[in-house]
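Biologist: I have the sequence and the coordinates open. Can you walk me through some contacts and packing?

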Protein chains: 2
Amino acid sequence: MLNKANAIIPKMRLSELGEFGLINLIRNSSARYENSGRTPWQEVLVGIGDDAAAWQSDNHIQLATTDTLVQDVHFDLDTISWEELGWKALAVNLSDIAAMGGIPKYALLSLALPGEVEVEDISKFINSMMHLAREFEIAIVGGNVAASPNVVITLTIIGSSKGQNLLKRSTASFGEQIAVTGYLGSSAAGLEMLKGKAISNPEISNFLRRAHFKPMPKVKEGQILIEQGVKTAIDISDGLVADLDHICESSKVNAKIRIDKVPVHPVVSANFPNHQELALCGGEDYELLFTADEATIGRVKQALNCPVTVIGAITKEKLPTRVTVVDSKGNIIPYNKGGWEHFKNGSSRVKFA
Amino acid sequence: MLNKANAIIPKMRLSELGEFGLINLIRNSSARYENSGRTPWQEVLVGIGDDAAAWQSDNHIQLATTDTLVQDVHFDLDTISWEELGWKALAVNLSDIAAMGGIPKYALLSLALPGEVEVEDISKFINSMMHLAREFEIAIVGGNVAASPNVVITLTIIGSSKGQNLLKRSTASFGEQIAVTGYLGSSAAGLEMLKGKAISNPEISNFLRRAHFKPMPKVKEGQILIEQGVKTAIDISDGLVADLDHICESSKVNAKIRIDKVPVHPVVSANFPNHQELALCGGEDYELLFTADEATIGRVKQALNCPVTVIGAITKEKLPTRVTVVDSKGNIIPYNKGGWEHFKNGSSRVKFA
């Protein structure tokens, strides 16, 4: 699909294609997926090409989230490929809908790009994004393109709830267990490799690169959490400790986690002596972190096809910090909270919805 | 309101406030408007502070639009104030909902900012945006903040239709009249002044500055167009000729307009010898351009509180271009289409929804 699409893309820069050419490129890439006759496309009344997109509403709760990726802040074009960038820009947004247990439906894509960008690269970016969009049955219904000295990508996803329930940050309560899907630290391990740590095995290298650049948002998993009665979740973007702290702050509770319980992929534990730190503070794994009573978590384990690991509990114990990390003997492990704050110390992303 | 809010903002840069401080600043500014007990706030289930915003859906058609303003492409911080920037960023997005005849309801604000920005300036930006948001009863339900070498502002507005009808670009038909609300060219005249054209009268100078930096989106007017039976409209962002060309392209029709009918504010015609060119090609007036039969336009004139001027017609005549401009004697007037294309020739904005 990518090759076929690229075959018709002439070798030129964006400044030669122009913005209406770019809009057509996006429209054509989207059109290949629109004729499936399935929702959400069948509910779209006005797609790309008018002042606003329009679709027929359903009766569910509506969800909306937005996220921006800024060149040299969130990504470096010397390491990430355009194909990976298109995937990741959509994936991180889908992850926020996943963290609400919602169904993503519509996306608006805002692209600010320098004129020197090769059209072939933009085409790879768009096709990769459309590929992921199709995987989750999302219609890219509109957006905006503009010239810019640096690449800035903003995605907005609009979705709905499956029933009348949502996964929120503010509903964790005392006595609940804390659990995560999948493995943590793989994305941060990938970043360490990209920054220079030697990994000789190409399969491991691919695994780590993919973990960092092509995360798979846990959309179905979020919906299953709701079906099984979970009320509280967040996606792990800032890092386990930082994101658990967001839950604790919103829910006005404290949490204690066991460092030896935090699931790390064998490839990461075998190759990264600092794997516990990566798992605690690395972020960008886009796994789901959630709290629920023991019985609910038991049902979740049965219902999900991915690992589900209990790593701690919401506690009334007097502890030094809102989120406290201990070892198997109960000794408190100091940590660097991670979850970089923008403006203060550079990279990473933080959102307010 | 602005002064009161500013009084509590300490003198510091964004790098000292940090991103969570910035999010709180936005949240607090929004909170002052949330307690009105009116829609859309009463429908908001999850606002700022979770993974995504959530609200209870209604049964209408949903609308969504997004727009990005890039520093030194769309605005220059040497001329626009932060207060004006906050207004304009929201206004241009509201104008797209106005051009669909919709009701704007929710906004997501994505801010990419350098750490050196003064918190006081950002506070002015946010308060000004909130002021306009309140005027149109819009809830800012979420967004994203990130560090960036330059200022990039992306707004997404989600709204709904009033009934089951929308104003589209694709429904113009032969024999219809072409009309506009308000006056054209004032914003472009303001830009000429800001670029150096001397205007000595401070009242005129304020009028022109306001026309360029603080446009008032024609939201109510768009809704009234629908009530009166209009089906086709666009907002004038790229320029009269360029935006009329968008309608003609989407509707597969041709248009002829009379240059002497195009409404220009007396202040602009008195001070700008090139006022016709500004009105045809200047753009950014955010007035509504629409087509309808004579009787419908008659009703619209009665229903609207602003000037409504018929400037031409959708025609079957053989003419040299899709949009043809003539003088009172029918002589064809050549024009430079305007409506800058991004990447090819710099500034202005173009969207694909």
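Biologist: In which helix is the place of His275(B)?
Modeller: This is a predicted model, where local features need pLDDT of at least 70, side-chain atom pairs count only at pLDDT 80 or more, and totals for chains, interfaces and linings use all residues. Residues are numbered from 1 along each chain as its sequence is written, chains are lettered from A and ligands numbered from 1 in the order written, and side-chain values use heavy atoms, with hydrogens and water left out. Helices are DSSP runs (H or I, at least four residues), numbered from the N terminus. His275(B) sits in helix α10 (residues 275-281) of chain B.

Biologist: Leaving aside neighbours within four places in sequence, which residues is His275(B) in contact with?
Modeller: Contact means heavy atoms within 4.5 Å. Setting aside neighbours within four places in sequence, His275(B) touches Val264(B), Val268(B) and Ser269(B).

Biologist: How are α3(A) and α6(A) oriented to each other?
Modeller: Axes are lines fitted to C-alpha atoms, for helices over the stretch in contact, and angles run from 0 to 180 degrees between N-to-C directions. The axes of α3 (residues 82-98) and α6 (residues 202-213) of chain A come within 9 Å and cross at roughly 50 degrees. Angles under 35 degrees count as roughly parallel, over 145 as roughly antiparallel, 65 to 115 as roughly perpendicular and the rest as oblique. Therefore α3(A) is oblique to α6(A).

Biologist: Which residues of α6(A) make the contact with α3(A)?
Modeller: From α3(A) come Glu84(A), Trp87(A) and Lys88(A). Their partners on α6(A) are Arg209(A), His212(A) and Phe213(A).

Biologist: What area is buried between chain B and chain A?
Modeller: Buried area is the accessible area (1.4 Å probe) that two parts lose on being put together, summed over both. The contact takes 81 residues from chain B and 81 residues from chain A. Carbon and sulfur atoms give 61% of the buried area, which is about 6400 Å².

Biologist: How many salt bridges does the rule find across that interface of chain B and chain A?
Modeller: A salt bridge is a side-chain nitrogen of Lys or Arg within 4 Å of a carboxyl oxygen of Asp or Glu. Asp50(A) forms one with Arg169(B), with the closest N and O atoms 3.6 Å apart. Across the interface of chain B and chain A, the rule finds four salt bridges.

Biologist: Which residue forms a salt bridge with Glu287(A)?
Modeller: The N to O distance is 3.5 Å. The pair links distant parts of the chain, 69 residues apart. The partner of Glu287(A) is Lys218(A).

Definitions and conventions
Helix = DSSP H or I, 4+ residues; strand = E, 2+ residues; numbered from the N terminus.
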